[in-house]
Amino acid sequence: MDYLQRALTTFNGGNWYGWKTHDDNGNKIPNSGRMQYQHIKIIKDGATIPSEADVNAKIQELKDAETAYTNARTTGKAKLKSGEALTDAEIKALFGDN
């Protein structure tokens, strides 16, 4: 799943959106160009489309979390090799939540 879809699922309680198949002029939107913010459609009663700024902020949050996780794995491995103590984030990145 791409970052846009991952971000969208965090709004409105999950499965609330789909993708338009035709633009406002009735032209078919190619599958390759469909999954973009401007082509979101609501498929769940009561859901609202979040602002593009909110979606972009969530995408950045997801990317930052992924980078932090990757960095924690990298530093954690290096610390294990050198015998240094690990942080909680490094332990989680290396061994999971268990």
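Student: What share of the 98 residues of the protein chain counts as buried?

Tutor: It's 28%, where buried means under 20% relative accessible area, exposed over 50%, and partly exposed in between (1.4 Å probe, protein chains only). Keep in mind that this is a predicted model: local features need pLDDT of at least 70, side-chain atom pairs count only at pLDDT 80 or more, and totals for chains, interfaces and linings use all residues. Residues are numbered from 1 along each chain as its sequence is written, and side-chain values use heavy atoms, with hydrogens and water left out.

Student: Why is glutamine 5 called buried?

Tutor: Its relative accessible area is 17%, and the cut-off is under 20%, so glutamine 5 is buried. Glutamine 5 sits in helix 1, residues 3-8. Helices (H or I, at least four residues) and strands (E, at least two) are DSSP runs, numbered from the N terminus. Leaving aside residues up to four places away in sequence, glutamine 5 touches Tyr17, Trp19 and Met35, contact being heavy atoms within 4.5 Å.

Student: And what makes leucine 80 partly exposed?

Tutor: Leucine 80 has 48% relative accessibility, which lies between the 20% and 50% limits, so it counts as partly exposed. Leucine 80 belongs to helix 3.

Student: How do you know that the buried residues of helix 4 line one face?

Tutor: Those residues are Glu90, Ala93 and Leu94, in a helix that runs over residues 88-95. Seen down the axis, they fall within an arc of 95 degrees, so they line one face of helix 4; the arc is that of the directions from the helix axis to the C-beta atoms. An α-helix has 3.6 residues a turn, so residues three or four places apart point the same way. Helix 3 (52-82) is part of what covers the buried residues of helix 4, while Asp88 and Phe95 are exposed on the other side.

Student: Which pattern does the protein chain follow along the sequence, and why is it called more spread out than a compact globule?

Tutor: The pattern is α-β-α-β-α-α. The radius of gyration is 19 Å, well over the 13 Å that the globule rule gives for 98 residues, so the protein chain is more spread out than a compact globule. That radius is taken over C-alpha atoms, and the rule is 2.2 Å times the number of residues to the power 0.38. Along the principal axes, the C-alpha atoms fill a box of roughly 65 × 30 × 25 Å.
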